[in-house]
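Have a look at the model first.

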Amino acid sequence: MTDALLLTKLYVPPPRPDLVLRPRLVERLNEGLALGRRLTLISAPAGFGKTTLVSEWVAGPQKFPQNQSQKTAVAWLSLDEADNDLARFISYLVAALRTIQPGLGEGVLAALRSAQPLQLDTLLTDLLNEISA
């Protein structure tokens, strides 16, 4: 994988000025943090406000255990049809994660640049182990 990455895919979009606030949904995201959940999946059809909701949440204070308000690190990745290629997707995923943890995924990126066939299980295991550490 030698293609240059489009860096704008890694930027959190700012909340729009005409934003319709969704305090109940933002509170649900904060509850996930307070309960120690490390991953939240937001699923809805196109145009239902997923990006708007998450950008609103990222811009505001997140609630952690003990009712502390602080900012959490957020890796953002906007995907499109072209990102359906596995090597391209993993490259972008590592790039997004590196916005909050520089140097992460060095071995994964080296494997993607290698002429050897991709060993998906090994690649993902290595990346997940780095993330969890």
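H3 passes H4 in a left-handed crossing, in what is a predicted model. Their axes lie 10 Å apart and the packing angle is about 155°. Anything over 145 degrees counts as roughly antiparallel, so that's the label H3 and H4 get.

**H3 against H4**
- Helix H3 covers residues 86–98, and helix H4 covers residues 106–113.
- On the H3 side, the contact uses Ala87, Ile90, Ser91, Val94 and Arg98, and H4 brings Glu106, Val108, Leu109 and Leu112.
- Sorted by class, that contact of H3 with H4 comes out at 6 nonpolar, 1 polar and 2 charged residues.

**H1 against H2**
- Helix H1 (residues 23–34) and helix H2 (residues 50–59) have axes that come within 10 Å and cross at roughly 60°.
- That angle makes H1 oblique to H2.
- The crossing of H1 past H2 is right-handed.
- H1 puts Leu25, Val26, Leu29, Asn30 and Leu33 up against Leu53, Glu56 and Trp57 of H2.
- The class tally for H1 with H2 is 6 nonpolar, 1 polar and 1 charged residues.

- Ser55 sits in helix H2.
- Is Ser55 buried or exposed? Its relative accessibility is 4%, so Ser55 counts as buried, the cut-off being under 20%.
- The Ser55 side chain gets to the backbone oxygen of Thr52 at 3.1 Å.
- Leaving aside residues up to four places away in sequence, Ser55 touches Val12, Pro13, Pro14, Pro15 and Trp76.

Methods. Residues numbered from 1 in each chain as written. Predicted model: local features only at pLDDT ≥ 70, side-chain atom pairs only at ≥ 80, totals over all residues. Heavy atoms only, no water. Axes fitted to C-alpha atoms, helices over the stretch in contact; angles between N-to-C directions. Helix = DSSP H or I, 4+ residues; strand = E, 2+ residues; numbered from the N terminus. Parallel < 35°, antiparallel > 145°, perpendicular 65-115°, else oblique. Left-handed = near helix turned anticlockwise from the far one by under 90°. Contact = heavy atoms within 4.5 Å. Nonpolar A, V, L, I, M, F, W, Y, C, P; charged D, E, K, R; others polar. Buried < 20%, exposed > 50% of the residue type's maximum accessible area, 1.4 Å probe, protein only. Polar contact = N/O pair within 3.5 Å; in protein donor to acceptor, adjacent residues only side chain to side chain.
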